Amino acid sequence: MASSNLTRGQALMQLVKAYGVDTVFGMPGIHTLEYYRGIADAGLRHVLFRHEQGGGFMADGYARISGKPAVCCVITGPGVTNIATAVGNAYADSQPMLVIASTNGTGDLGAGRGRLHEISNQLATIGPLTAFAQTIVDGRQIPGALNRAFDIFAAGRPRPCYIELPIDKIAEAADFAVKTSPVAGPLGPDEASVEAAAAVAGRARTPVIVAGGGVLDHGPALLALAEKLGAAIIPTYAAKGAIPDDHPLNCGAILVSPVAHRFVESADVVIAVGTELAESDVWADSDFLDLKGKLIRIDVDPANLARDYVPDAAILGDGGLAMRMLADALPDGGRTPGFTGSGTVADVRRKARDLLMGQRRSAKFARVLDALRTAVPHDGWIITDATQIAYFANEYWPTSHPRSYTHPNGFCTLGSSMPSGIGARLGAPERDGVVLTGDAGFLFTATELATAVDEAIGLPIVVWNNDGLGQIRDGMIERGIAPTGVEPGRNPDFAALAGAFGARARKPKSPAELTGAVEEAFRAGGPTLIEVHEEADWLN
């Protein structure tokens, strides 16, 4: 029965709530008022951001740390273009985000009449950054569109989904019932494909498992398969924390290291599960690993099963289910780990760590990260930005808890971490966490400090200040290019900037003071900006 006493905007938001959502990130505008009537009537928590890009990053962080789908509401035109960068960030790293937008009236779509906020084809603007994007003119399509999104979040590759309603349709009477449809369960693999993979894996003597973000919540299944095979495991950055950092089969998140390249390339069987093996996963000189042995790919996204590499066996399906089925299909008895011609797990870890610590500034980075690691609880999290110390942390930071370390790996979006930390704190309020950003990245989204103050979020925001775009500056110097556009005239007084928003500020003078400042920030009734300058005395 249709909910005729409600507008479509009201009924849509009630349906969003019925799917288990309790928070909407948004900024109201003249085109979204009926959505906001629905948000208020449904009793959804509304988090006001200061810019749609920052709001999208909040939703991204909410999803990354909590594992729950996040929802944003934005206006026609600039609302959609502003949030697009954050949607791209979530798309690249497979995060579940639903964006609900308005668009121009049905009579104006594509007409080019200069209407307020008009884009000639708004759907085409956002579509490439989403799992699907849909303009809904007939309200009866709303339940199906929402169910499609939540099916993707639960059973597919959980990328952002987008729906928009023309402004003349949002306020019309709802012509659908506020009733959810069953959400799909994990995609079960085909038994024949599992048997084919088992035939390949069963002959392995030096197997290696490359585990991507698709295994993040399937650590026990990953370990069961690895232990059955006696396989070494190399998690990508997206899989950090899926298994204990100190497990004897865990090489650590070192896939970008030349040491790891040699180790994987010399394996007689490589099992790549839940990973694209993309450029930003591997950073190999030729963009590809030169695999000498057999390859098994496991992924919920069929496009990943043969992209860039031709597998000897492939399993389409949920990574957790597939790994358990593959482990069950292998003969009992266990294996003594043989590993590869490039050494044992311990050898590879040691060599990769030695290479990492031989980099410029590594001692400074390690001193800061050790102080932060002391402060962050075992199950706490860190969200990093596109900054030099974070690139070091991707390998260096130890964690044994899923959804405890995240980096904008695929899109590598400057400025994402601080608003992502706000979203994370809202999505998982029971867990403490810290943001690590650079001075340039922080300024991209600094206005979202206002949201953190509004929401009284105890969030430590560590700003690594190297007075510019350090990574790009170093790259120019290495290539003989005069540093251009990478050294701003001056940074703001970060403490004064934080104070202007009503936030706290600290500038520690030792590792112990940094640890103390972070622990104090967890207990504060608002955000704390903690500045660490690269040339601070205690780092030299």
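Is Phe392 buried or exposed, and at what relative accessibility? I looked this residue up first in the predicted model. Phe392 has 1% relative accessibility and therefore counts as buried.

**Entry: ring pairs**

I then turned to the aromatic pairs, of which the structure holds eight. I examined Tyr19 and Phe150, whose rings are stacked, with 4.6 Å from centre to centre and 5° between the planes. This pair links distant parts of the chain, since Tyr19 and Phe150 are 131 residues apart. I located Tyr19 in the loop between helix 1 (8–18) and strand 1 (23–26), and Phe150 in helix 6 (residues 142–155). I checked the accessibility of both partners. Tyr19 counts as buried because its relative accessibility is 13%, under the 20% limit. Phe150, at 5% relative accessibility, also counts as buried.

**Entry: the partner of Phe392**

I returned to Phe392 and found that it forms an aromatic pair with Phe365. The pair is tilted, with 50° between the planes and 5.5 Å from centre to centre. Phe365 belongs to helix 14 (residues 362–375) and Phe392 to helix 15 (residues 388–396), so that the pair links parts of the chain 27 residues apart. Phe365 has 4% relative accessibility and therefore counts as buried.

**Entry: charges over rings**

Lastly, I looked up charged side chains placed over rings. Arg148 has its charged end over the ring of Phe132, 4.0 Å from the ring centre. Lys240 lies over the face of Tyr405, and here the distance to the ring centre is 5.0 Å.

Note on methods:
Residues are numbered from 1 along each chain as its sequence is written. This is a predicted model: local features need pLDDT of at least 70, side-chain atom pairs count only at pLDDT 80 or more; totals for chains, interfaces and linings use all residues. Side-chain values use heavy atoms; hydrogens and water are left out. Rings of Phe, Tyr and Trp (its six-membered ring) pair if their centres lie within 6.5 Å; planes under 30 degrees apart count as stacked, over 60 as edge-to-face and the rest as tilted. Helices (H or I, at least four residues) and strands (E, at least two) are DSSP runs, numbered from the N terminus. Buried means under 20% relative accessible area, exposed over 50%, partly exposed in between (1.4 Å probe, protein chains only). A charge sits over a ring if NZ of Lys or CZ of Arg is within 6 Å of the ring centre and within 35 degrees of the ring normal.
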